[in-house]
Amino acid sequence: MEQAFQYLALAGVFTVLMWVPYILARLAVWGLKDFVTNYPKGFPATEPEPPLWAQRTKRAHLNMVETLPAFVAVVIAAAMLPDRVDAEFVGHWAAVFYYARVVHYIVYSLGIPYLRTPSYLVSWAAILAIGIQVA
């Protein structure tokens, strides 16, 4: 289970770091004063529009925030039931989840067509594979 926990930790760190690009874009668009006070003129009714790439990084981050709890749940459940799961199998699928999410973030952020959904589905399949081991 050590490998699964390593990828769980990496996924957590990656999730925390995913917001950095869109926060930096917000700083660039809003300016330092408005960024620090968090109140640009007209906010929240109107908000200075960040670049499209920054909007995509934010959506990719939110998607990870929505998906990460399911990954955490299946990895923890697998660790709690060592007699029912193959730790190497779980570690493999934890790695698949992590790398699929890295690819998803990059593809989503860059706006590369046709790859966003498949990369998401691979990460989704990894969660299911681990979950089926636990069931």
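Here are a few friendly notes on the aromatic rings of this predicted model.

1. Residues are numbered from 1 along each chain as its sequence is written, and side-chain values use heavy atoms, with hydrogens and water left out. In this predicted model, local features need pLDDT of at least 70 and side-chain atom pairs count only at pLDDT 80 or more, while totals for chains, interfaces and linings use all residues.

2. How many aromatic pairs does a search of the whole structure find? There are seven, where rings of Phe, Tyr and Trp (its six-membered ring) pair if their centres lie within 6.5 Å; planes under 30 degrees apart are called stacked, over 60 edge-to-face, and the rest tilted.

3. Helices here are DSSP runs (H or I, at least four residues), numbered from the N terminus. F14 and Y98 are both buried (under 20% relative accessible area, with exposed over 50% and partly exposed in between, using a 1.4 Å probe and protein chains only).

4. Look next at F89 and W93, a tilted pair with 6.3 Å between centres and 55° between planes. They are four residues apart in helix α5, so about one helical turn separates them. F89 is partly exposed at 27% relative accessible area, and W93 is also partly exposed, at 22%.

5. Which residues form one aromatic cluster? They are Y7, F14, Y98, Y99 and Y105.

Technical notes: Helices (H or I, at least four residues) and strands (E, at least two) are DSSP runs, numbered from the N terminus.
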